[in-house]
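I opened the file to look up its fold, its core and its charged pairs. My entries are below.

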Amino acid sequence: MQFDNQLEQLREKFVTDLPERFQEIQTLYREQLDGNGHPEALCAALHRLAGLAGTFKAQRISELARNIEIQYNRNQHASWQESQKIIAILFNRLEEAVHEHLARPRPGKASYHKALPLDKE
């Protein structure tokens with residue numbers, strides 16, 4: 001029982017921290033698009049999100065974050081322009097998945113949807 005309570009607390013912390021974590025990824029992504037970014041930092045943030053989301057059963061978020069990370073790693077071998085189009089599509093899907101996850105009702109908790117001011121560029 002104690003383990004279940006601790007796991008639920010960690011799950012709630014994941015949901016609470018998700019808006020800030022996703023904003024960090026968005027910032028790193030925009031910096032990358034502007035030519036001022038560091039792909040290693042973006043990939044590391046995506047990798048952390050993919051792992052945490054998978055741990056807390058946010059599979060769609062996990063899969064999309066992992067696919068973006070993989071695409072960035074492949075970017076060295078593929079056409080840059082084609083990779084950027086794929087990454088942009090995956091980021092849009094990741095944003096949708098984050099919104100959906102935050103909007104899900106939680107037992108005894110309100111929706112977190114309003115806590116995520118996502119950019120629409």
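The entries go from the whole chain to single residues.

I am working with a predicted model, in which local features need pLDDT of at least 70 and side-chain atom pairs count only at pLDDT 80 or more, while totals for chains, interfaces and linings use all residues. Residues are numbered from 1 along each chain as its sequence is written, and side-chain values use heavy atoms, with hydrogens and water left out.

**Fold.** I looked up secondary structure as DSSP runs, numbered from the N terminus (helices: H or I, at least four residues; strands: E, at least two). I found four helices and zero strands. The order from the N terminus is α-α-α-α.

I took accessible areas from the Shrake-Rupley method with a 1.4 Å probe; for residues, only the protein chains shown count as cover. The chain exposes about 7600 Å², and carbon and sulfur atoms supply 51% of that area. Buried means under 20% relative accessible area, exposed over 50%, and partly exposed in between. By this cut-off, 38% of the 121 residues are buried.

**Contacts.** I counted a contact as heavy atoms within 4.5 Å. Among contacts with a separation of 6 or more, 60% are between residues 24 or more positions apart.

**Core.** I searched for nonpolar cores, meaning sets of buried Ala, Val, Leu, Ile, Met, Phe, Trp, Tyr and Cys residues joined through side-chain atoms within 4.5 Å. The largest has 28 residues, and Ile61 and Leu94 have the most contacts inside it. Helices α1 (2-33), α2 (39-55), α3 (59-74) and α4 (80-103) each give two or more residues to this core. I then listed the partners of Leu94, leaving aside neighbours within four places in sequence: Phe22, Leu46, Leu49, Ile61, Leu64, Ala65 and Ile68.

**Salt bridges.** My criterion was a side-chain nitrogen of Lys or Arg within 4 Å of a carboxyl oxygen of Asp or Glu. The search of the whole structure gave five.

One of them joins Glu8 to Arg11, with the closest N and O atoms 2.9 Å apart. Both residues lie in helix α1, three residues apart, about one turn of the helix. Glu8 is partly exposed at 32% relative accessibility.

I next checked Arg60, which is partly exposed at 36%. Arg60 pairs with Glu100, the closest N and O atoms being 3.0 Å apart. This pair links distant parts of the chain, Glu100 in helix α4 and Arg60 in helix α3, 40 residues apart. Arg60 also forms a salt bridge with Glu96, at 3.8 Å between the closest N and O atoms. Here Glu96 in helix α4 and Arg60 in helix α3 are 36 residues apart. Glu96 is partly exposed at 42%, and Glu100 is partly exposed at 43%. I noted Arg60, Glu96 and Glu100 as one network, joined by salt bridges that share partners.

Note on methods
Buried means under 20% relative accessible area, exposed over 50%, partly exposed in between (1.4 Å probe, protein chains only).
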